[in-house]
Amino acid sequence: MGVLIVPIKPVFAYRIFTGRKRYDLRKMIRGASRVESGDRAILYVSGDVKAFMGEFTVGEVITGSPEYIIRELNKRPLSGVGEEDFAYIRGAGLAVAIEVLNPILYKTPVEMKEVLKIIPDYNPPLGIQKLDEYEPLVVLILDKAREKTIRKN
């Protein structure tokens with residue numbers, strides 16, 4: 001199991017964190033990182049947010065043509081995806097649907113400017129990036145997220 005950095009638009013991130021979106025759809029690019037059940041997906045919210053806002057555990061992973069993905073998700077009425085999501089993957093050679101399990105919204109997002117203080121040359125990925133859990137970026141994000149959560153004694 002690995003750690004994924006997943007860039008996502010704010011509207012889709014909020015749908016994940018509120019439980020409305022239960023699958024994230026992606027176009028697959030040849031040579032892209034393989035997403036596996038059990039991976040930890042850390043969401044980098046792009047746009048005006050520019051922050052690591054939370055994470056989820058990867059559940060079921062469905063890979064295939066966009067038409068196959070659409071058929072499969074249409075069988076799941078609570079998938080939280082619809083035409084807006086399907087339009088994104090249409091025309092791709094291969095697509096993937098990633099089930100979202102146990103989404104966690106960090107109490108305080110880890111902003112990109114904080115990351116750049118420690119890793120000055122970091123650029124968020126355009127697609128899913130798979131990292132080892134001990135990579136400096138992963139440790140930085142998770143340490144910052146943990147210090148910003150309420151702990152019970």
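**View 1. Contacts of Gly38 in the predicted model.** Leaving aside neighbours within four places in sequence, Gly38 of this predicted model is in contact with Met1, Thr57 and Val58. Gly38 belongs to the loop that runs between strand E2 (23-27) and strand E3 (40-45), and with a relative accessible area of 25% it is partly exposed. Met28 lies 10 residues from Gly38 in sequence, and the C-alpha atoms of the two are 19 Å apart in space.

**View 2. The buried residues of helix H1 and the elements they pack against.** Helix H1 spans residues 10-17, and its buried residues are Phe12, Ala13, Arg15, Ile16 and Phe17. These buried residues pack against strand E1 (3-8), E3, strand E4 (51-64), helix H3 (83-89) and strand E5 (95-111). Just after H1, Gly19 adopts a positive phi of about 85°.

**View 3. The largest nonpolar core.** This core has 19 residues, and those with the most contacts inside it are Leu4, Ile8, Ile16, Leu43, Phe56, Val58 and Ile98. At least two residues of the core are supplied by each of E1, H1, E3, E4 and E5.

**View 4. The surroundings of Leu43.** Not counting residues up to four places away in sequence, Leu43 touches Val6, Ile8, Ile16 and Phe17, together with Ala51, Phe52, Met53, Gly54, Glu55 and Phe56. Leu43 is also among the residues with the most contacts inside the largest nonpolar core, as are Ile8, Ile16 and Phe56.

Notes
Residues numbered from 1 in each chain as written. Predicted model: local features only at pLDDT ≥ 70, side-chain atom pairs only at ≥ 80, totals over all residues. Heavy atoms only, no water. Helix = DSSP H or I, 4+ residues; strand = E, 2+ residues; numbered from the N terminus. Buried < 20%, exposed > 50% of the residue type's maximum accessible area, 1.4 Å probe, protein only. Contact = heavy atoms within 4.5 Å. Core = buried A, V, L, I, M, F, W, Y, C linked by side-chain atoms within 4.5 Å.
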